[in-house]
Amino acid sequence: MRFIIVTGMSGAGKSTALRTMEDQGYFCVDNLPVLLIEKFAEISRDPNFNYDMVAVGIDIRAGKKLEDLRQVLTNLKDDSFTYEILFLDASDSELVKRFKETRREHPLARGERIENGITEERLRIAFLREIADYIVDTSGLLTRELKREIGKILTAEKEYSNMILSVVSFGYKNGIPRDADLVFDVRFLPNPYYIPELKKCTGNDQAVQDYVMQTGEGQEFLDRLYRLLEFLVPRYQENEGKHQLVIAIGCTGGRHRSVTISNLLYDMLQNLPYSSRVFHRDIGMDTIIKGD
């Protein structure tokens with residue numbers, strides 16, 4: 001039997017996660033009182049219980065009883081009951097944005113600033129994040145992307161990595177992406193902009209890709225960059241606690257060289273044990289072309 005406790009920050013996507021799990025055949029209970037978790041776990045082990053996949057939603061709405069969850073989890077372990085914890089998180093700025101967009105009040109704000117409620121909530125549920133088996137940072141995720149991440153956890157085909165790599169192509173004339181963790185300049189590669197028949201094309205077109213990669217320097221750059229990321233990503237996870245890494249690839253306008261390299265890098269990243277996405281910021285209107 002698989003028993004998953006779904007928790008995390010208010011507004012981080014717990015409801016979406018539970019709906020996704022329900023669609024996958026899980027018996028889901030949201031906001032179960034903490035004092036009933038042990039009893040429910042006992043019931044779920046009964047041979048007459050018709051479900052072998054169970055998800056329980058627990059969050060800050062449990063109030064003061066949330067602190068009792070520490071002892072409850074200890075009791076379950078002592079009783080040899082196996083459970084997993086899925087923790088949904090997001091940046092403070094993203095959570096504030098979501099609450100403002102939905103016009104919902106944070107459960108701990110009590111009529112005060114949303115930021116105050118978020119700060120208090122982080123302190124009160126920090127112990128759950130520390131012991132979580134899975135942490136999903138939903139800050140930049142679309143609903144379908146979050147569902148995909150939950151699906152990976154549920155299928156358990158391989159060890160799940162909490163890291164999401166976002167490759168973003170951009171044009172320097174429009175500025176470097178503000179959320180970039182790593183920035184790489186590919187303006188040293190042949191520029192299709194000056195070829196009349198390629199000028200209006202983009203790095204999504206094969207003719208542009210062939211032109212950019214013609215000298216072999218593009219592939220050498222990709223090979224070196226791949227090895228660098230293979231080295232860096234696990235260290236960002238371990239030493240910085242990162243769960244998302246934004247890799248920005250820039251050229252002059254953000255239509256040809258950076259798009260080409262970003263697409264090819266995305267393809268190479270499929271060999272690493274991380275989720276990955278690619279965005280082309282300046283090719284149009286922040287369109288996701290792969291990984292959606």
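This is a predicted model: local features need pLDDT of at least 70, side-chain atom pairs count only at pLDDT 80 or more; totals for chains, interfaces and linings use all residues.
**Entry 1**

I looked up the strand order first. The sheet is open, has 5 strands and reads β2-β3-β1-β4-β5, with parallel pairing. I noted that β2 (27-30) and β5 are the edge strands; each has a single partner strand, so one side of each is left without a neighbour in the sheet. From one strand to the next the twist averages 20°.

I then went through some of the pairings. β2 runs parallel to strand β3 (residues 53-57), and 4 bridges join them. Within this pair, Cys28 stands opposite Ala55 in β3. Helix α1 (residues 14-23) packs on the sheet and touches β1, β2, β3 and β4. The direction of α1 makes about 160° with that of β1. I also checked helix α6 (residues 143-155), which lies across β1, β4 and β5. Helix α6 runs at about 170° to β5.

**Entry 2. Strand β4**

Which strands pair with β4, and over how many bridges? Strand β1 (residues 2-8) pairs with β4 in the parallel sense over 5 bridges. I found Leu86 in β4 as the bridge partner of Val6. Strand β5 (residues 134-137) also pairs with β4 in the parallel sense, over 4 bridges. There, Asp89 has Asp137 in β5 as its bridge partner.

**Entry 3. Salt bridges**

Side chains of opposite charge can pair when their charged atoms come close. I recorded a count of 19 salt bridges and looked at three of them.

Arg122 and Asp92 meet through their side chains in a salt bridge at 2.7 Å, N to O. Arg122 lies in helix α5 (residues 114-131) and Asp92 in helix α4 (residues 92-102), so this pair ties together parts that are 30 residues apart in sequence. I have Arg122 as partly exposed at 25% relative accessibility, and Asp92 as partly exposed at 36%.

Arg61 forms a salt bridge with Asp59, with 2.9 Å between the closest N and O atoms. Asp59 is buried, with a relative accessible area of 7%.

The side chains of Arg124 and Glu120 form a salt bridge at 3.3 Å, N to O. Both residues lie in helix α5, 4 residues apart, which is about one turn of the helix. Arg124 is partly exposed, with a relative accessible area of 27%, and Glu120 counts as partly exposed at 27% relative accessibility. Returning to Arg61 and Asp59, I found that salt bridges with shared partners join Lys14, Asp30, Asp59 and Arg61 into one network.

**Entry 4. Ser276**

Where does Ser276 sit? I located Ser276 in strand β9 (residues 275-280). Ser276 counts as buried because its relative accessibility is 8%, and the cut-off for buried is under 20%. I also looked for a partner of the Ser276 side chain and found a polar contact with the side chain of Gln270, at 2.8 Å.

Technical notes:
Residues are numbered from 1 along each chain as its sequence is written. Side-chain values use heavy atoms; hydrogens and water are left out. Helices (H or I, at least four residues) and strands (E, at least two) are DSSP runs, numbered from the N terminus. Buried means under 20% relative accessible area, exposed over 50%, partly exposed in between (1.4 Å probe, protein chains only). A polar contact is a pair of N or O atoms within 3.5 Å; within protein, one must be able to donate a hydrogen and the other to accept it, and residues adjacent in sequence count only if both atoms are side-chain atoms. Two strands pair if DSSP finds at least two bridges between them. A salt bridge is a side-chain nitrogen of Lys or Arg within 4 Å of a carboxyl oxygen of Asp or Glu. Axes are lines fitted to C-alpha atoms, for helices over the stretch in contact, and angles run from 0 to 180 degrees between N-to-C directions. Contact means heavy atoms within 4.5 Å.
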